[in-house]
Amino acid sequence: MKQLLKGIALILLLFNGLLYPQEALSQVSVSGSVLDSKGAPLVGVNVVIVGTTSGTTTDFDGKYFIEVPSENSILKFSFIGYVNQEIQVGNRTVIDVTLKEDMQGIDEVVIVGYGSMKKSDLTGAVSSIKGKELVDIPVRSATEALQGKIAGVTITSTGGSPGTAPTVRIRGIGTVNGNDPLYVVDGFPQSDIGWLNQNDIASMEVLKDASAEAIYGSRGANGVVIITTKKGTMGDGHNMSVSLDAYYGVQNVTKKFDMMNAEEFIDYRNLAYTNGTGQPWVTQQEKQSMLSFLQDNFGNSNGTNWQDEIFQSAPIQNYNVSISNGTSKTSYYTSLGYMSQNGIVKESDFERISWRTTVDNQLTSWAKLSGNFSVVYQSRRNVVENTIYDGTIFCALTADPVTPIYRTNLKNIPDFLSNLILVDKIDASNPYSYYSPVFFNNRANPVAQVAVNKDNVWKDVTFRGGLNLDLNLTSWLKYRGTANTSIYRATPEYFTPSYYIGAYQNNVDGYVGNASYSTNYTVIDNLITFDKTYEWNGKQHTTFMLGNSVEMTKSSNFSASKTGIVTNTESQKVIDAATKTASASGTKSDAYMVSYFGRLFHSWRDKYMLTATVRYDGSSNFDAGHKWGVFPSVSGAWSFGEEGFIHDAIGKTLSRGKIRVSWGQIGNQAIDGGAYRSTYSLNSGYYLFGGGFQLAGGKGYMGNPNVKWETTEQTDIGLELGFFDNKLTLSTDYFYKKTSDMLLQVPLPQYLGYTNDPWANAGSIENKGIELTLNYTGKVGALQYNIGGNIFSYANKVLSLGGGQPLYGVGYDDKTITKTEVGKPVGYFYGLKTDGIFQSQQEIDNNTNAAGGQVIQDKARPGDLRYVDVNLDGQITDADRTDIGSPFPDFTFGFDFGLEYKGFDISATFYGVRGNQIMNMKKIDLYSGTAYYNAPKDLMTTAWSETNPSNSQFRITTDNSTNVQVSDWLAEDGSYLQLKTLQIGYSIPPDLLKKVFMKEARIWVGGI
C-alpha cells in the first residue's frame, strides 16, 4: 500500500511538472494556519493570490499551503462571516493569520462526507452544532445533549441505569430492522459515540437527507452524525494551552409514586376480597396485629416504603484536562477525561476513563502526516429494568408495605406472618438470607435484589487509532489516505451468591461466570480531490472527489459458567471454585465491505449549486449476484438572496435566501452475516430405525440466497432565509422517504419445522414530514441575547410487507401489544377499545348485538370496562382488537434562549412532544384493583363504586381479569414539555486572569 501511494504521488507530481515546468521553478511555497479570534482553527478559508484566480482553502485543522509567483505576491484570506485580510508575502514562508468576525454576516463551514463545505454552498439538509454547546451539559454521551437542539433528530432514553445509551432517530423510523444512525468520528465510522469524551468535540454535523448521506452508501441509511474532534494549532513559536473542565452534581428522583402504606394496603385488600369473595381478607384483629408488629419493630405502623429504600442521591462528576501546542511544523492535542455517575438506584454506576491524542506533522510543504489515538475504559453495573415483572423499581412499587426489609431480630411476630417470614431459612453465615421474602405477592424484595446483583460488572476497553496522509499534489489536486482501526475487548464478570429468601427469590447453587467479547474493526480510505475556483462567465467553483473504502470486521465471543459455590466469599468469584453444571459457548464472525464513491460539486457565481454523488458498495452479507448495490444522489440549490433583482425589490432586509432540492437512494445491509446461507447439523435429534435410535441430521439454519440490499429513496425540498444581517434565520425542509425491499425475518409456520425465520426482502415503509428551525440573535448595549426553536412533524406508514403476515410485538405476560401491518404506522398499539364503565346491570343487559338478542358482555358486572364490539359479531374476542394509538408523536419541538451581560450568562433548553400514545403496562398491576400488589393511594378514591360512579377506573375486586386486557385503558397521552437544561454562569474578566497566567475561566451552576 505504501509503495502504491508513493507511486501515485510521484506520477501526479511529474505530470504537474510537465504541465507547469517554468512556473514551478520560480514559485515560492507559503504555508500557515488561519484561526478565529479565540484561537480555534477555521476550516475552508479561501486563500487566493490577489490579481489571479489561483488559490486554495484551509483544511480540517485550519492549515493551508500555496505556491505564489514571487515575494511581491499578496495573499487574500476570505471567509464568510469574517473580515477579509490581505497580506504581502515578502520573505516569509510561514504566514499565520487571525480573522476577526464580521458581524454583518456569519456563515459556517460544515463537515460533510469525506470533506467540508461552506454552509452557503450546501445543497443537502445538514444541521450543525458546535462542541462548546455540548461541554457544559452533564450527560454521559454527546447524543443526549442533542435533544431539542436539531429539528428532525429524536433522542429517547432506553433505560435508567447509568451508562445506558439513548436511542437516536433521524427523520423517523425508516425500516423495521435497525434504525440507528451512523457516527463518523474524524473520518472513522462508528456505531455509537457513548465512549467519546464530549469535551474533545469541536463540532457535530447531522446529515439528514439522501443527497448528504448517500456518500456513505449503506452505512448512511438512517442518517449520519459527523463528529470533528479538537486538534492542536501550528504556528511560529510554542503556543501551549492547558484547559481544565470540571463539574460535580447530584441526581435525585424528581417524583415518586405515592403508594399505599401498610394500613391503606390492608384496607384495600379487604375491600377487594369483600367485593370478590364476599369475605374480607383479614379480620380487624388480624389487621391490628400486623400494624402492632410494625409499630413494635420499626417505631411506626406505616410499613416499608420500598422506594425510599432503593433510591439514593447519586453524584455525577466529570473532569477533563487537555493540553495543546504547536510549532510551525508540528502540533498536538491531548486530553485525559474521567467521568463517574452513580445511579439513583443503589448499587448501580458507570465509570469512564478516556485518553485521546492527535498529532499533526507537516513533513514537507506538500505532505502532512496526522495521527489520532485514544484509549477508553468503561465499567458499569446495571439494575434489573425494562421489565415490569421483576424490574427493581417495579418491585419497589408492587411489593406490599407490610413486608420488612430484613427478617432478623424481629419480635412479636403474629402467627399468620411467621409462616411467611421463613425464619428457619436464616443462615448466620450468609447475609443474603437475612432479607425477608415479600409476604403477599410474587415480587422480589427489591433491596435484596439490588444486593444479589451488585457483583455483576461489565468492563470494556477500546483502543482506537488512525493515520492520515495528506498530499497537496498541486494547488487544486489533493490526495488523502487514511487507515483507522479499533480494538474492542469486553470482559464482563457475573456472580450471583447462593441464597434462599423465598419461593420467588432464591438461587441455592449460586452462579459464577465470565465472558469475553472481542471486535477488531479496520477501515482504509483513499481519496483524490480536485478543487478549483476560476473565472469563466463569472466565478466558477468545481470540486470533484473520487475515493474507495475497505472495511473489515472480525468478532469473537465466548462465555463460561458454573453453579454450586460453597460460600459467598470473594474466593468463590472464580469459575473453578464452583462445582456444578459447567457450561461454555463461543462464536466467531467476519464481515467485509468494499466501496467506491465519488462526488461532484459545482457552483456558479455563488448562486447556483449542483451536487451529485454515487456510491458502489459490496457486502459480504449477501450471496453472489446480490453483493453489490449502487446508491446515487443529486441535489441543487439556488441562492436567490444573491440576485440583484431580489436586492432591488427587498433591499437589505433579506440577507440570505436559498432554495434546496435533493433526491437520492441509500442502502441497508443490516442482517445477520451469512443470512443467505443454509446450514445443516449432524446432531439435530434421533429417530427410531432398525430397532434402535439413530442420530439424525437436518437443516440447522434456513438461509435465503436471494436476499439483497434494502433501498431507501428520499426527496427533500428546503428553504433557508436570513434577515437583518442574519440576526434572524429560518430554515425549513419537507421530505419524503420510502424504504423498499425491506429486510425482515418473515415468520414461517411452525409445522414446517425450521429453527429460524429466514431473512427476506419483504415490504416497504414511507416517512414524510416537515422540519422548521427559527433563531434570533441580538444585542442591546452590553446585553447579548439569543432565542431559537425548532419543530419536527412526520407521518409513518407501512406500504407493503411483501404479501406476508402482519408482525406482532409481545410484551408483559406474553400479551400482544403492537402490530405492524399495511396502511398503518410501524408498531402501532393494538388492543381493545373501551367505551367507559358499566354503571348498572341494566347497562350491561342493554349492551346487545345488532339483532338485540345477545348480550355482548354477559359476564360483566357493574364497575367493569365496556369494550367496543368492533366487528359487530355480538361478542368481545381478539377479533375486536384494533388500532388504539401510535407511539409516534404528531410533532416534537425544542426551544432555547441565552443571555450574556458583563460576564454573567444564563441559558435554558426546553424539549417537548405532542400527540403520541404510551402503553402504560404498569397499570395492569398497579391499578388492577385486585389488591394482589400494592397500589397508589388515589386508587381507593378513584375506583368505581356504587357511591363513586367513575367512568375511568374500574371497580376493586379480586376477579378483574376481564378489565386488565390490552386496551386503550392502558394507552395514555405521551405529550409533555420538559425543561431540559438550565444554567447560570460567570466568566472571570481576562484582566484578572492574566495575573495568574490564565486566558479564560468560567464558573457555572445548572440542572438537567
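The side chains of Thr 712 and Thr 739 form a polar contact at 3.1 Å in this predicted model. Thr 712 belongs to strand E37, which spans residues 710–723. With a relative accessible area of 4%, Thr 712 is buried, because the cut-off for that class is under 20%. Apart from residues within four places in sequence, the contacts of Thr 712 are Gly 664, Gln 665, Ile 666, Lys 737, Lys 738 and Thr 739.

When residues up to four places away in sequence are set aside, Thr 729 touches Arg 656, Leu 721, Gly 722, Thr 773, Leu 774 and Asn 775. The loop between E37 and E38 holds Asn 726.

**Backbone at two loop residues**

Asn 726 is not a glycine, yet its phi is positive, at about 65°. Arg 605, also a residue other than glycine, has a positive phi near 60°. Arg 605 sits in the loop that joins strand E29 (580–604) to strand E30 (608–619). Its relative accessibility is 37%, so Arg 605 counts as partly exposed.

| Residue | Relative accessibility | Class |
|---|---|---|
| Thr 712 | 4% | buried |
| Arg 605 | 37% | partly exposed |

**Lys 562 in strand E28**

Strand E28 runs over residues 539–563 and includes Lys 562. Between Lys 562 and Asp 509 the sequence separation is 53 residues, while their C-alpha atoms are 9.3 Å apart in space. Beyond residues up to four places away in sequence, Lys 562 touches Tyr 511, Val 512, Ile 575, Asp 576, Ala 578, Lys 580, Thr 581 and Ala 582.

**Helices H5 and H6**

Helix H5 covers residues 262–277 and helix H6 residues 284–298; their axes come within 10 Å and cross at roughly 160°. H5 and H6 are therefore roughly antiparallel to each other, as angles over 145 degrees fall in that class. The crossing of the two helices is right-handed. On the H5 side, the contact is made by Ala 262, Glu 263, Ile 266 and Asp 267, and on the H6 side by Lys 287, Met 290, Leu 291 and Leu 294. Sorted by class, the residues in this contact are five nonpolar and three charged, with no polar ones.

**Helix H10**

Helix H10, residues 446–453, is mostly covered, with seven of its eight residues buried. The buried residues are Pro 446, Val 447, Ala 448, Gln 449, Val 450, Ala 451 and Val 452. The elements that cover them include two helices, H7 (306–310) and H8 (392–398). Also among the covering elements are strands E24 (493–496), E25 (499–502) and E26 (505–507). At the start of H10, a side-chain oxygen of Asn 445 comes to within 3.0 Å of the backbone nitrogen of Val 447. Val 447 is itself one of the buried residues of the helix.

Conventions:
Residues are numbered from 1 along each chain as its sequence is written. This is a predicted model: local features need pLDDT of at least 70, side-chain atom pairs count only at pLDDT 80 or more; totals for chains, interfaces and linings use all residues. Side-chain values use heavy atoms; hydrogens and water are left out. Helices (H or I, at least four residues) and strands (E, at least two) are DSSP runs, numbered from the N terminus. Buried means under 20% relative accessible area, exposed over 50%, partly exposed in between (1.4 Å probe, protein chains only). A polar contact is a pair of N or O atoms within 3.5 Å; within protein, one must be able to donate a hydrogen and the other to accept it, and residues adjacent in sequence count only if both atoms are side-chain atoms. Contact means heavy atoms within 4.5 Å. Axes are lines fitted to C-alpha atoms, for helices over the stretch in contact, and angles run from 0 to 180 degrees between N-to-C directions. Angles under 35 degrees count as roughly parallel, over 145 as roughly antiparallel, 65 to 115 as roughly perpendicular and the rest as oblique. A crossing is left-handed if the near helix is turned anticlockwise from the far one by less than a right angle, and right-handed if clockwise. Ala, Val, Leu, Ile, Met, Phe, Trp, Tyr, Cys and Pro count as nonpolar, Asp, Glu, Lys and Arg as charged, and the others, Gly among them, as polar.
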